[in-house]
Each structure stands twice: as structure tokens, then as C-alpha cells.
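Q: Could you take me on a close look at the pockets of this protein, and at how its parts come together around them?

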Amino acid sequence: MTASRGLKIGFLGLGHMGAPMAANLIKAGHDVLAFDPVPAAQEQARKDGATVVDSAAAAARDRDLVITMLPNGKLVLDVYAELLPAAAPDTLFIDCSTIDVADAKAAAVLAIGAGHRALDAPVSGGVAGAAAGTLTFMVGGGAADFAAALPVLEVMGAKVVHCGGSGVGQAAKICNNMLLGISMIGLSEALVLGEKLGLSHQSFFDVVSTASGQSWALTSYCPVPGPVPASPANNDYRPGFATALMNKDLGLAANALRDNGIDGQLGLLAAEIYNRFNQTDAGRDFSAIVTDIRDRSDREGV
């Protein structure tokens, strides 16, 4: 598998992230067999130019590589049990889901044991990045497999980083999203405090965006309307990255903190905060946590 165009690719998982990723592969000239159990996802894939098949196994047959973008590790492992026997020998499996490190390693063991190759390659950049082809890929696996996958990943992403062996791509994603969740909570608390003290959102932004408190959460994803027009706050918190997904990722991070004996007090607290918020606002963007902090502050008389 040396060419960067005209590859035969299987793609499973055509949700908010997977659909535009698959569409970009098609635009780049690749032959994509796609599968998703949701009829609306199937229809969109057809519009994007994919050949939609009726089973996961069918999407893996006679492919150079197979990409999965699925909700959780159990589903990845279950789907691999169906895919691996159906695939031609030495197929490269690339899992772009965000899952537990142990599940990523287990998936790689299954793939390699079945005579295939495997990478874990979770992404950052949200739906907008998936559509624009500007995702960041964090890749775990062997160097030769990474080199083989790189031309395909570069179609879907602006930055592709080989982080280490199997599972280390997932480690990078978990660490990144734990930091993002903590940052968004801290930023939101500061914004609500500023409101109470008479500081406008724009003045807050103008100062902090060029001061020591600057962060990506503020300058690219500001959780209040106005300062960053493209942020979900300006669209009633329609999700670019849903609270349910942040809750899942922080749960993975919390498990990793505990399993590895890390004194991660902020990570564990962020997981608790988003778990509570997820009970009522799973479908809103994760930056809507600012509304929860504001509402809770008003109720508690802060």
C-alpha cells in the first residue's frame, strides 16, 4: 500500500465525525465502502459518493485498509470480531474512535493475531475539523504501519503525530481532552466571576486572550456569545463536541488516573462536574458548562 490515491478503504461509523471524514477520502479519489446501521447516515454516505454495504464484514472485504469511528471500546472490539475474519490478509486497521487505552491495545492484539496490521488514531478538532480536513491525529502503533497510513490520514487531518506504540495514541487523546475539560471549567468559572464583578465578556476576552490566562478554550471556543463568532455559544450551544462525548472522555481519563496511581485531583473533579452536567445536557456542546456554573451560582447565592 504505497499510493496516496485510489486506495480501497472500508469505513465504519458514519456519525457527525465519521461522515465528513469518509467524504474527504472520497473527494481525494479513494474507493470507500461504508457501513453504519443508521439509515440517515447511510443516505448521507451515498450522497457523498460512498458505496454503502449492508454489514460490517462487507465493508472490510478486499480493502487496503479499514477505518473505524465508533462510540466506545466494547463496540470496537465487537466489530473487530466481525471484521477481522472477513478482511484480506495484511489489511491495515485504523481505529479513530476515542476509547480506553487497554481496549486499543486489545484491538491491536486481535488484529495482529488475525494476520493484519493495526493503528489507534483518535482525533481532535471536532465536527468542523472533520469537515475541513484539518483534524489532528494522535497515532499509536508500529512505525512502518504509521508510514503506510500517513498519506490517508493527511487527507483527513492537518497534523498527524506518531505518539508511540499501540495504545499511545489513545493516551495522548485522553490527556488532551482531560486538559481541555479542566480548561473549559476554569475559563467558565472565571467568566461567571467576571460577570458578577461587572466585567463584560468582550473586556474579559480582550484582556485574557493576550494575557497569562490565555487558552485555546477562550480564543478558539469561547463559551459565551460574542467574542469568538464561530464558537457554539453563538449558536445556542449546538454541539461541535457534545457534552456526552466530553463526559465519556473524562471518564476514560479518570479511570486512567486511578489505574496508574496519579494524584489527578482536577481531572477527577472535572469528570464529576461533566458527569453531573451530562445528566441533563448531554446533547449540548460541552462549552455550555458555563450556563450550568452560572445557574448553580445564582441558586446558591454566590
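A: Happy to! A word on terms comes first: the domain bounds used here come from an automatic or database domain assignment. Please also keep in mind that this is a predicted model.

Let's start with the largest pocket, which holds about 1,300 Å³ of space. Its lining counts 48 residues, and those nearest the centre are Met 17, Gly 126, Gly 240, Phe 241 and Leu 245. Two or more lining residues come from each of α4, β7 (123-124), α6 (126-132), α8 (168-196), α10 (216-219) and α11 (243-259). Of these, α8 provides the largest share, six residues. By type, the lining of the largest pocket has 28 nonpolar, 16 polar and four charged residues. Domain 1 (8-165) and domain 2 (171-300) each supply at least three residues to the lining of the largest pocket.

Now for the second largest pocket, with a volume of about 240 Å³. It is lined by 14 residues, with Ile 174, Ala 253, Ala 256, Leu 257 and Asn 260 closest to its centre. Here α5, α8 and α11 each give two or more residues to the lining, and α11 gives the most, with five. The lining of the second largest pocket is made up of 11 nonpolar residues, one polar and two charged.

Where does the second largest pocket lie relative to domain 1 (8-165) and domain 2 (171-300)? Both domains give residues to its lining, so the second largest pocket lies between them.

Technical notes. Residues numbered from 1 in each chain as written. Predicted model: local features only at pLDDT ≥ 70, side-chain atom pairs only at ≥ 80, totals over all residues. Heavy atoms only, no water. 1 Å grid on protein atoms, 1.4 Å probe; cavity = no way out; pocket = protein on both sides within 12 Å on 5 of 7 lines; lining within 4 Å. Points joined across faces, edges and corners; volume = space filled by probe spheres on them. Helix = DSSP H or I, 4+ residues; strand = E, 2+ residues; numbered from the N terminus. Nonpolar A, V, L, I, M, F, W, Y, C, P; charged D, E, K, R; others polar.
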